[in-house]
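Subject: Handover of a structure

Dear colleague,

Please find below the structure that I am handing over to you. My notes on what was found in it follow directly after.

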Amino acid sequence: KELESVSYEKMPAGSVIQYKTIDSSSNVSVNSTSYANLSNVTLNFSPRFINSVLEITLTGSVRFNTTGNGRSRPDFRLVKSGVVVSGHNFSEALQVRNLNFNSSSVELNIPFQFIVRDVADTLETIDYTWQWRKLDSQYIDLAGVTYRQTIMEIRQ
């Protein structure tokens, strides 16, 4: 049978209430150990329920240009309306080290997917943005490929 319309309040726990996504294909490099916002992936999200779980995902690819016995580690974090979402450590999630092929430089692209679950705790609009920095002196960028942030609101 078919459903004509079901109100959000009648949706069972575990239902996806809304889904929002944004893409960017800017080739962003990071030149500092200070955090910088990823370009064009900030999402403004208005939850329908204060106790909803929001599943926030960032996918993309990182390009490492590592020389000699160098080490490259990007560090990603999620910021919720100006406050860092704690409890998630993405600083060792991607890493290249000691790729000394006859002292030549090495370029390596690694796809990634980071998932954070957060509780809405408000019905006001929330701004979610991802920031990143480099932890080492080697060059890294986002490989010129599309990277995407998605947010799913899950009814509790």
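The accessible surface of the protein comes to about 8,500 Å², and 45% of it belongs to carbon and sulfur atoms. Accessible areas come from the Shrake-Rupley method with a 1.4 Å probe, and for residues only the protein chains shown count as cover.

Please note that this is a predicted model, in which local features need pLDDT of at least 70 and side-chain atom pairs count only at pLDDT 80 or more, while totals for chains, interfaces and linings use all residues. Residues are numbered from 1 along each chain as its sequence is written, and side-chain values use heavy atoms, with hydrogens and water left out.

Overall architecture

The protein has 13 strands and zero helices; strands (E, at least two residues) and helices (H or I, at least four residues) are DSSP runs, numbered from the N terminus. Along the principal axes, the C-alpha atoms fill a box of roughly 65 × 35 × 25 Å. Of the 156 residues, 43% count as buried, where buried means under 20% relative accessible area, exposed means over 50%, and partly exposed lies in between (1.4 Å probe, protein chains only). Among contacts (heavy atoms within 4.5 Å) between residues at least 6 apart in sequence, 84% join residues at least 24 apart.

The charged side chains number 15 positive and 15 negative, and the centres of the two sets lie 4 Å apart. In this count Lys and Arg are positive and Asp and Glu negative, without His and the chain ends; the place of each charge is taken as NZ of Lys, CZ of Arg, CG of Asp or CD of Glu.

In β5, 12 of the 15 residues are buried, so that the strand is mostly covered. Strand β5 runs antiparallel to β13 (residues 147–154), to which seven bridges join it; two strands pair if DSSP finds at least two bridges between them. Three bridges join β5 to β12, and these two strands also run antiparallel. The bridge partner of phenylalanine 64 in β12 is isoleucine 140.

Glutamate 55 is located in β5, which spans residues 53–67, and has methionine 152 as its bridge partner in β13. Glutamate 55 counts as buried because its relative accessibility is 14%. Its side chain makes a polar contact of 2.7 Å with the side chain of arginine 117. A polar contact is a pair of N or O atoms within 3.5 Å; within protein, one must be able to donate a hydrogen and the other to accept it, and residues adjacent in sequence count only if both atoms are side-chain atoms. Leaving aside neighbours within four places in sequence, the residues in contact with glutamate 55 include Ile115, Val116, Thr150 and Ile154.

Residues in loops

Aspartate 136 sits in the loop between β11 (126–134) and β12 (139–141). With 17% relative accessibility, aspartate 136 counts as buried. A polar contact of 3.0 Å joins its side chain to that of arginine 73. Apart from neighbours within four places in sequence, aspartate 136 is in contact with Arg71, Ser72 and Arg73.

Two further loop residues deserve a mention. Asparagine 40, in the loop between β3 (36–37) and β4 (43–45), has a positive phi of about 60° although it is not a glycine. Serine 81, in the loop between β7 (74–80) and β8 (83–84), is likewise not a glycine and has a positive phi of about 45°. Serine 81 is partly exposed, with a relative accessible area of 43%.

With kind regards
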